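Morning, everyone. Please look at the screen while I walk through this one.

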Amino acid sequence: MYQKQKEKAMELLKNNEKNRDYTNRYWIPYADYLDPADCFSTFSCDYLDGKQGYLDLIDNLLRADQTAKVFVELYGCDSFDGKPCINAETLILFSRLPLSDIEHIFNAPEDIFPDDIGEKPDLSQPTFIIDRNGCEISVADLSTNGCSVYYCWWD
């Protein structure tokens with residue numbers, strides 16, 4: 001992740017915890033979040049090189065749908081090896097593929113298949129993408145361009 005993304009994400013997640021208000025959701029583009037060399041993030045308890053399997057799944061999706069967009073939904077902040085980190089366990093997918101194709105792609109591996117995959121028909125909850133500059137972009141401003149929105153969640 002980029003430094004400004006890290007700072008903004010930590011600020012927003014800590015404010016959610018402090019205020020016990022989890023109304024707003026925050027997404028980061030997958031390529032920024034799932035960097036196997038970045039020790040600032042975990043995905044479904046996988047750290048550093050453990051993120052590669054998820055990147056491989058996303059690559060399979062992007063081969064099937066070059067127009068797809070993929071985000072990581074932030075879950076919370078914690079520490080790992082005494083250092084602060086951000087946790088996530090859900091991918092958000094904008095894709096023109098039908099749900100059955102998404103399920104086929106993400107359930108193919110035997111070792112990291114999601115616990116749940118489905119369509120996210122309602123984007124009315126306040127949701128923001130944190131870009132590389134640490135700016136919040138409302139998902140309401142994002143055009144789906146004929147894509148369906150799906151989630152893949154690991155427990």
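Start with the largest nonpolar core, which has 35 residues in this predicted model. Inside that core, Tyr33, Leu34, Leu91 and Phe106 have the most contacts. Who supplies the residues? Eight elements give at least two residues each: helix H1 (3-19), strand E1 (25-29), helix H2 (30-33), H3, strand E4 (69-80), strand E5 (83-95), H4 and strand E9 (148-153). The largest share comes from H3, with five residues. In soluble globular proteins, nonpolar side chains tend to be buried together.

There is also a second, separate core. That one has eight residues, including Phe71, Ile92, Phe94 and Val149. Hold on to Phe71 and Phe94. We will come back to them.

Now Tyr33, one of the residues with the most contacts in the largest core. What does Tyr33 touch, leaving aside neighbours within four places in sequence? The list is Met1, Ile28, Ser41, Thr42, Phe43, Lys51, Val72, Leu74, Ile86, Asn87 and Ala88.

On to the helices. H3 first.

H3 covers residues 52-64, so 13 residues. At 1.5 Å a residue, H3 should span 18 Å. Its end C-alpha atoms are 19 Å apart, which agrees. Which residues of H3 are buried? Tyr54, Leu55, Leu57, Ile58 and Leu61. They cover an arc of only 155 degrees around the axis, so they sit on the same side of H3.

Keep Leu57 in view. Ala108 is 51 residues away from Leu57 in sequence. In space, C-alpha to C-alpha, the two are 8.8 Å apart. Ala108 is in the loop between helix H4 (99-107) and strand E6 (116-119). Is Ala108 buried or exposed? Its relative accessibility is 54%, so Ala108 counts as exposed.

That brings us to H4. Its buried residues are Ile102, Ile105 and Phe106. Seen down the axis of H4, they fall within an arc of 90 degrees, so they line one face of the helix. What do they pack against? H3, E5, E6 and E9. Phe106 is also one of the residues with the most contacts in the largest core.

Take Lys8, which lies in helix H1. Why does Lys8 count as buried? Its relative accessibility is 19%, and buried means under 20%. Leaving aside neighbours within four places in sequence, Lys8 contacts Ile130, Gly134 and Glu136.

Arg20 is in the loop between H1 and E1. Its phi is near 50 degrees, a positive value in a residue other than glycine. Most residues other than glycine have a negative phi. Arg20 is exposed, because its relative accessible area is 69%.

Next, aromatics. The structure holds seven aromatic pairs. One of them is Trp27 with Phe94. Their rings are 6.1 Å apart, centre to centre, with 70 degrees between the planes, so this pair is edge-to-face, a label for angles over 60. The pair links distant parts of the chain: Trp27 is in strand E1 and Phe94 in strand E5, 67 residues apart. Trp27 is buried, with a relative accessible area of 0%. Phe94 is buried too, with 2%. And here is Phe71 again: Trp27, Phe71 and Phe94 form one aromatic cluster. Phe71 and Phe94 are both in the second core.

Last topic: cysteines. A disulfide is a covalent bond between the sulfur atoms of two cysteines. How many disulfides are there in this model? The count is zero. Take Cys85, whose nearest cysteine sulfur, that of Cys77, is 8.5 Å away. The cut-off for a disulfide is 2.5 Å, so Cys85 is in none. With 1% relative accessibility, Cys85 counts as buried.

Definitions and conventions:
Residues numbered from 1 in each chain as written. Predicted model: local features only at pLDDT ≥ 70, side-chain atom pairs only at ≥ 80, totals over all residues. Heavy atoms only, no water. Helix = DSSP H or I, 4+ residues; strand = E, 2+ residues; numbered from the N terminus. Expected span 1.5 Å × (residues − 1). Buried < 20%, exposed > 50% of the residue type's maximum accessible area, 1.4 Å probe, protein only. Arc of directions from axis to C-beta. Core = buried A, V, L, I, M, F, W, Y, C linked by side-chain atoms within 4.5 Å. Contact = heavy atoms within 4.5 Å. Phe/Tyr/Trp six-rings, centres within 6.5 Å; stacked < 30°, edge-to-face > 60°.
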